Amino acid sequence: MTRSSPFISVVTPVYKAEACLQELCRQLVATLESISPHFEIILVEDGSPDRSWEIMTQIIAHEPRCKGIRLARNFGQHFAITAGLEAASGEWVVVMDCDLQDQPAEIVHLLQAAQQGNFDVVFARRAQRQDHWLKRLSSKCFYLVYNYFTDANFDSAVANFSISRRAVILEFLRLREHTRSFPLFIRWVGFTTGYVNTVQVENLARKSSYTLHKLFRLSADS
């Protein structure tokens with residue numbers, strides 16, 4: 001059946017997010033309803049030690065377009081993203097973090113850029129990063145190490161927030177490497193890629209679970 005409006009899936013890994021999940025889903029529903037009546041929101045709880053799963057079940061009970069996946073333990077952000085992508089069925093698939101530093105309203109601009117520019121993937125580029133200086137430093141260290149070993153030139157202002165055609169996601173899911181990195185894998189598979197500048201919003205209530213050591217190890221493993 002052909003739809004005049006696209007079916008959109010949003011996948012977000014959830015970890016220590018009890019304070020922002022309700023607002024995240026409220027903003028996502030409002031944004032997606034402005035684009036298309038056909039959408040799903042897939043929340044993947046990655047062994048979070050707080051009340052994230054309890055809040056997710058409350059959200060799902062009141063909003064049938066929200067779906068929840070609960071991993072048996074903490075596997076890590078990129079494994080959680082992979083689990084969500086395996087459950088997604090949208091023609092377009094959005095991946096974003098759950099902490100609201102990347103704003104759901106920007107999905108409109110990502111989709112417009114993809115459709116108007118005939119891109120298969122569009123990433124958000126954080127034009128104004130609001131992270132703590134240590135987080136910005138660790139992110140730069142990640143890409144310095146990664147770029148050195150791969151002879152690549154990846155931008156530290158680009159993270160997970162993106163929209164991809166289904167064909168891109170299917171290729172991503174064919175990659176079964178144990179060490180996973182969603183944005184690096186997506187760019188590696190070689191589809192046409194665009195970028196949209198966005199402004200990141202500071203979230204003081206939630207700290208990143210990535211330490212400098214973890215990011216260095218991830219970049220070296222990748």
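**Close-up views of the predicted model**

**View 1. Asp46 lies in the loop between β2 and α2.** In this predicted model, Asp46 is buried but forms no salt bridge. Arg73 is the nearest side chain of opposite charge, at 7.0 Å, whereas a salt bridge would need a side-chain nitrogen within 4 Å of a carboxyl oxygen. Apart from neighbours within four places in sequence, Asp46 contacts Val14, Tyr15, Leu71, Arg73, Asn74, Phe75, Gly76, Gln77 and Ala80. Two of these contacts, Gln77 and Ala80, are also listed among the buried residues of α3.

**View 2. Helix α3 covers residues 77-87.** Eight of its 11 residues are buried, so α3 is largely enclosed by the rest of the structure. The buried residues are Gln77, His78, Ala80, Ile81, Thr82, Ala83, Gly84 and Leu85.

**View 3. The largest nonpolar core contains 32 residues.** Within this core, the residues with the most contacts are Ile8, Val10, Leu21, Ile41, Ile107 and Ile163. At least two core residues come from each of the strands β1 (8-14), β2 (39-45), β4 (92-95), β5 (121-128) and β6 (158-165), and likewise from each of the helices α1 (21-35), α2 (52-62) and α4 (106-117). Helix α1 gives the most, with six residues. A second, separate core has 22 residues, among them Ala83, Ala88, Val95 and Val168.

**View 4. Ile41 is one of the residues with the most contacts inside the largest nonpolar core.** Not counting residues up to four places away in sequence, Ile41 touches Val10, Leu28, Val29, Leu32, Arg65, Cys66 and Lys67. Val10 is likewise listed among the residues with the most contacts inside that core.

**View 5. Strands β4 and β6 run antiparallel.** Four bridges join the two strands. Trp92 has Arg165 of β6 as its bridge partner. Seven of the eight residues of β6 are buried, so this strand is largely enclosed by the rest of the structure.

View 6. Of its 222 residues, 50% count as buried. Among contacts between residues at least 6 apart in sequence, 80% join residues at least 24 apart. The chain exposes about 11,000 Å², and carbon and sulfur atoms supply 52% of this area.

Definitions and conventions. Residues numbered from 1 in each chain as written. Predicted model: local features only at pLDDT ≥ 70, side-chain atom pairs only at ≥ 80, totals over all residues. Heavy atoms only, no water. Core = buried A, V, L, I, M, F, W, Y, C linked by side-chain atoms within 4.5 Å. Buried < 20%, exposed > 50% of the residue type's maximum accessible area, 1.4 Å probe, protein only. Contact = heavy atoms within 4.5 Å. Lys, Arg positive; Asp, Glu negative; His and termini not counted. Pairing = 2+ DSSP bridges. Areas by Shrake-Rupley, 256 points an atom, 1.4 Å probe, with all protein chains shown as cover.
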